[in-house]
Amino acid sequence: MSKLIKTDAEYSRWIQELKERYRYSQIKAATQVNREMLRYYWSLGRDIVARDAENVYGSGFYRNLSQDLKSAIPEAEGFSRQNLQYMKKMYLLYGELTTNCQQPVGNYEDEICQQAVGISQEINDNIIFSVPWGHHCTLIDKYFETGEREIALFYAHKVVEEGWSRNVLKSFIDTSLHLRQGKALTSFSRLLPTPDSGLAQELTKDPYIFDFTEMTEPYKERELKKSLMSNISRFLLELGSGFAYIGEEYRLKVGHTEQFIDLLFYNVKLHAYCVIEVKTGTFGAGDIGQLGTYMTAVNHILKTEQDNPTIGLLICKDKDNVLAQYALESSSQPIGVAEFQLTKFIPDEFKSSLPSIEDIESELK
């Protein structure tokens, strides 16, 4: 390190700027290389399908193709037999993602429809070719055989938007995020302006999965909250994008009393505070009033002119959806109500295929 960088502040800042620009260019170059590699993989998969190569060249096709590509391009990696099979599946899984326009009426409608298709294709292309290859292999393993390309695309979007690692992706697949996201009962559409209401709704889940707490019944409410705070990174990940933790049992002076908010967060996407109450019991209508009071206090004491109205989220052990909906309609505050589970979420369509206790006992006998 030169003396100049130690004595000249402007020069030192310039060096720092050059370093940051270089690192940014490296990241950008790596991203572009990944995109071009994925485009190549996709096109190779397309060729295999278009040439009907497996039938034309026989049962040893993938072995021969792997050997010949490695020989022709010795510096390249990624041409194993398994990877080549993944390339074909990638093309088949994502090959036709645009919405088909049906029964266009007149030239104007047809032109609008074609524009929508083009936009949809461009968005999907940007997503598909931005997802790391290992993540694609995970999605292919899960959804290729079932042909659930829209679900695969949902998770591909989330990988790009949230920057998930492969382990995080697997975790959210295991807990069926696509069935849970945006499912909380809320009053957002009635009390928040668009597009904030849609974004707020999309940030909710029902149920929330707290299996990372590793808790089993019986447990107390304080124990659950303590475990959530001990696993704050996992808790934030489950809450979703843009949540920043402010405090637990957050103290507010309201009149002559002190009020303590269970959990206080700020969402940078909504530019709003979020008050979260976690209840280990069944939802009660009075819970909405308590949460609404805390939200009003936050709006008066913490919220600034730059912040949007505070939102609330009540997460309980279980709820009656009709009672919860009535309670939400009686409130003037934007609140969501959802359940939590401590064990991994099992979709209803799979529950019927699981053996009962009686079945297991019968097998053991």
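Helix H14 (residues 232-239) has Phe-235, Glu-238 and Leu-239 as its buried residues, buried being under 20% relative accessible area with a 1.4 Å probe, protein chains only. Look down the axis of H14 and those buried residues fall within an arc of 100 degrees, so they line one face of the helix; the arc is taken over the directions from the helix axis to the C-beta atoms. This is a predicted model, where local features need pLDDT of at least 70, side-chain atom pairs count only at pLDDT 80 or more, and totals for chains, interfaces and linings use all residues. Residues are numbered from 1 along each chain as its sequence is written, and side-chain values use heavy atoms, leaving out hydrogens and water.

**Around H14**
- An α-helix has 3.6 residues a turn, so residues three or four places apart point the same way.
- Just after H14 comes Gly-240, with a positive phi of about 120 degrees.

- Ser-227 counts as buried because its relative accessibility is 12%.
- Leaving aside residues up to four places away in sequence, Ser-227 touches Thr-213 and Met-215, a contact being heavy atoms within 4.5 Å.

**The whole protein**
- You get 18 helices and seven strands, which are DSSP runs (H or I, at least four residues, for helices; E, at least two, for strands) numbered from the N terminus.
- Of the 365 residues, 39% count as buried.
- Take the contacts between residues at least 6 apart in sequence: 63% of them join residues at least 24 apart.

Definitions and conventions. Buried < 20%, exposed > 50% of the residue type's maximum accessible area, 1.4 Å probe, protein only.
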